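Please look over the structure shown here, with an eye to its charged side chains. Which of them pair up, and where do they lie?

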Amino acid sequence: MKTFALISILSLLLAIASANSKGPVSFGQFKHRQHVTHPSIARHNTARTLRGGQEETNEGPISPEEAFADVENATIETPKEVPQSSDKLANLIERTLPALVMLGCVGALTYYAKEMGLMGLTFLLQMGMYDEMTNVVGGKLQPVMKWWWFLTSALAFDGPRVLPAEEAALVTTTAYGMTMFGIVSTILRLQLSKANAAAFREFMRQTAISAVSLLLVVLPSSFWLSTLKEFGLIWIVYSVALVIINDTMAYLFGIIFGKHLLLPTISPKKTWEGFFGAAVSTVAVAYYWLPDKQDAVVISSFASLIGPFGGFLASVIKRAFEQKDFGTFIPGHGGFVDRLDCQLVLAPFVYLYLLWKTSK
């Protein structure tokens, strides 16, 4: 319960940070000037198009009577108002409530369904992340083959990690059979439809998009299952909490001390001060929290120095395809990939590190 309470507090901090992370505020935003457009001046100082396509500028004098008569009709242009604190509060609520609801659902699932519940949750997250990634990168794919390749990969990646050895072998064989069936059926379909070179290229495009999406989101997330099965739930909790700590501290250090942009072309809101301040803070918290100090330093250092590049890669993909978020499933946060990008980088490392440590 202490661990769950800690993650709840950190998630709340992250939601607050996300709600306010709109980039640096320019003091020029608060300098309002009213622009007055005088009708008589506008009438006498604009170009008029004459017959024959020639332009003539009327710069003749304005009579006093004409000027005073038009004062009542002068228009005042006021710039758009700067968002008030109520807007920030609404944004904060929009981001915080979904985070707390998600955390409550995960906590209840962990408490009542335990490992089986988390395995089921992992599969659903894989489905959501795969769907988001393929939609952003490839647009509308042929649905049958899209989900055929997902199920094949889920069997190949997830099955051996959660099943006994004899059953895992059967699942791997099934996945291989599904792979061959997908290839053969696609080739026959292309032949029967008398497809041309354009159809072949489209087939290769869709296959490549599915393959890249599977490698980016399904394969790394399957390591959660390996860690859960072999080393226990606590290591999933540790890794999730360390990423949340790092995200929160990166925001706080960036907003207080941030002056030098880290990757302005890719992620213009990130600063060097926030990056290294978060790294030091995350290592310090992990050193105090985790029982084994070597585990604390190794895992927290990777989460702080390498983990954020999962988010940077996600930013590159979104910018490449001119998307703000990967999805809209989580109000105020975006999609599953937007929330789990750094976790996907850390998940394989935690398992491989623990495997290396226990094999010594």
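## Basis of the model

This is a predicted model, in which local features need pLDDT of at least 70 and side-chain atom pairs count only at pLDDT 80 or more, while totals for chains, interfaces and linings use all residues. Residues are numbered from 1 along each chain as its sequence is written, and side-chain values use heavy atoms, with hydrogens and water left out.

## Salt bridges

Side chains of opposite charge can pair when their charged atoms come close. A salt bridge here is a side-chain nitrogen of Lys or Arg within 4 Å of a carboxyl oxygen of Asp or Glu, and by this rule the count comes to 6.

## A link to helix H13

Aspartate 292 and lysine 357 form a salt bridge through their side chains, at 3.0 Å from N to O. Because aspartate 292 lies in the loop between helix H10 (272-289) and helix H11 (293-305), and lysine 357 in helix H13 (residues 336-359), the pair ties together parts that are 65 residues apart in sequence; helices are DSSP runs of H or I with at least four residues, numbered from the N terminus.

Asp292 and Lys357 also belong to a network of salt bridges that includes Asp295. Aspartate 292 is partly exposed, with a relative accessible area of 31%, and lysine 357 is partly exposed at 25% (buried means under 20% relative accessible area, exposed over 50%, partly exposed in between, with a 1.4 Å probe and protein chains only).

## A buried pair

The side chains of aspartate 338 and lysine 318 meet in a salt bridge of 3.0 Å, N to O. Aspartate 338 is in helix H13 and lysine 318 in helix H12 (residues 308-320), so this pair ties together parts 20 residues apart in sequence. Both residues, aspartate 338 and lysine 318, are buried.

How values were computed: Helices (H or I, at least four residues) and strands (E, at least two) are DSSP runs, numbered from the N terminus.
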